[in-house]
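Trainee: Could we go through this one together before I write my notes? I have a handful of questions about it.

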Number of protein chains: 2
Amino acid sequence: MQPAHDDAIRVAVSTVIFSLRSGDDGDVLTIPLVRRTREPHRGQWAVPGGWLATDEDLRDAASRTLAETTGLSPSWLEQLYTFGEIDRSPGRVVSIVYWALLRSDLVEAQRSAAGAPENVEWFAVDDLPDLAFDHRLLVDYAIWRLRNKVGYSRIAAGLLPDEFTLAELRAVYETVLGRRLDPSNFRRLIEGSEALVPTDAFRTGAHRPARLFRWDAEVELADRGPVGHG
Amino acid sequence: MQPAHDDAIRVAVSTVIFSLRSGDDGDVLTIPLVRRTREPHRGQWAVPGGWLATDEDLRDAASRTLAETTGLSPSWLEQLYTFGEIDRSPGRVVSIVYWALLRSDLVEAQRSAAGAPENVEWFAVDDLPDLAFDHRLLVDYAIWRLRNKVGYSRIAAGLLPDEFTLAELRAVYETVLGRRLDPSNFRRLIEGSEALVPTDAFRTGAHRPARLFRWDAEVELADRGPVGHG
């Protein structure tokens, strides 16, 4: 039996957007949330998103809401999961969820230049407010995917500027994974990956100068598989 | 700018269903396809699926088309990806795709008992006919996911009966991965996983008796993450 198609199903696209913010105790992983101005869940915080337009590819819809929320282009954008439980919203809404990484230096620059749009605020992922709908599950799933992926790809570089020290890169891994890593093991592992290119520049400051590295631009941040950029 | 919602977007759920078939040169990985009886692409083969019903969860829709196609319940069912390119169908259709594993012994028993429904035929994945829409991409992506997952979980057990010899398990890995594995390395690796439970039974036949194993039922075939069975 083939149930009839029902026009009452609506399609939304939402994006969980990660960046880092420097804090007193090191970096924290943050996401922007949008305060809802309409029912249902008016006044509550939600993951940025909107209805899919008929003439818009899924990925384009994700990029659009990302740009509307942050004014920026992501260093990584990938489909996460589609949430479609019957009772997740008063009407039947299927949400195709993407996740994205933004370079922290770009977010900082944008913040001081233009400020975030009204109703948008960045939150540390381990200190989130109550979220509308099932958006807490969306965020938890995105964090899980990010943590997993950090373990087997160089995706963490998507949170960093073009050039970075090994200590800065390790700090990103530590922030995402939520645990300390042994500096010399980390150095061995990363240098062994052969995707890291040393530059002639050094970071100077309070400590002894540290060499700056960049990633080999020929190597993708992670394997996208057959769907490529879809 | 928030584009208006357009009711012209329709939501389908499709499932790429894997099982094994014994062949002259060992097992082959197979999937069922459905011959389309309607335009567009009438007469072409397609991945089983249908429209999402308003009162039906995504996973239930995937289970339903799987049961309609094979008469069976899967040992593994997981959301794969959502395909939504504008031009993938004459009307705008967003397809939420699942992938599933069926135990080969159940497929064989079902085949000889009732026969497959009309319009359904099983094909070896490396000898597929031309597929309707973008379904070749759906299948390729599902194969890619299965191969990846075999590398870091015990998902391959979903293709086997409850009890199996180490040689049978290795044959499944070899079929999915498309390459030979060293028997003693494989034995060491699998036995080290501690999820394999030896039984008191043996497979007897042309060769010397081989002990039968089963998986520890307490251990999931793979980590589902925060979305659980959604």
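Mentor: What follows is a walk through the contact between the chains, the core, a hairpin and some backbone details. Please keep in mind that this is a predicted model, where local features need pLDDT of at least 70, side-chain atom pairs count only at pLDDT 80 or more, and totals for chains, interfaces and linings use all residues. Residues are numbered from 1 along each chain as its sequence is written, while chains are lettered from A and ligands numbered from 1 in the order in which they are written.

Trainee: OK, how many residues does the contact take from chain B and from chain A?

Mentor: The contact takes 35 residues from chain B and 35 residues from chain A, where two residues are in contact if their C-beta atoms, placed from the backbone, lie within 7 Å.

Trainee: And which element gives the most on the side of chain B?

Mentor: That is α3(B), with 4 residues; the elements that give two or more residues to this side are β1 (10-23), β4 (49-51), β5 (76-83), β6 (93-101) and α3 (135-152) of chain B. Helices (H or I, at least four residues) and strands (E, at least two) are DSSP runs, numbered from the N terminus.

Trainee: How do the residues on that side divide into nonpolar, polar and charged?

Mentor: There are 17 nonpolar, 9 polar and 9 charged residues on the side of chain B that touches chain A, with Ala, Val, Leu, Ile, Met, Phe, Trp, Tyr, Cys and Pro counted as nonpolar, Asp, Glu, Lys and Arg as charged, and the others, Gly among them, as polar.

Trainee: Switching to the core, which residues have the most contacts inside the largest one?

Mentor: The largest nonpolar core has 99 residues, and those with the most contacts inside it include V16(A), F18(A) and A142(A) as well as V16(B) and A142(B). Such a core is a set of buried Ala, Val, Leu, Ile, Met, Phe, Trp, Tyr and Cys residues joined through C-beta atoms within 7 Å.

Trainee: What does V16(A) touch?

Mentor: Leaving out residues up to four places away in sequence, V16(A) touches I31(A), V47(A), L80(A), V97(A), W99(A), L138(A), V139(A) and A142(A).

Trainee: What does β8(B) pair with?

Mentor: β8(B) pairs with strand β9 (residues 210-215) of chain B in the antiparallel sense over 5 bridges, pairing being called if DSSP finds at least two bridges between two strands. A hairpin joins β8(B) to β9(B) through 6 residues, and F202(B) stands opposite R211(B) in β9(B).

Trainee: Last topic, the backbone: where is P40(A), and which peptide bond there is cis?

Mentor: P40(A) lies in the loop between β2 (26-35) and β3 (45-46) of chain A, and the peptide bond from E39(A) to P40(A) is cis, with omega near -5°. In chain B, the peptide bond from E39(B) to P40(B) is cis, with omega near -5°. In that loop of chain A one also finds H41(A), with a positive phi near 65° although it is a residue other than glycine.

Trainee: Is H41(A) buried, exposed or partly exposed?

Mentor: H41(A) is partly exposed, because 17 other C-beta atoms lie within 10 Å.

Methods: Buried ≥ 20, exposed ≤ 12 C-beta atoms within 10 Å, placed from the backbone.
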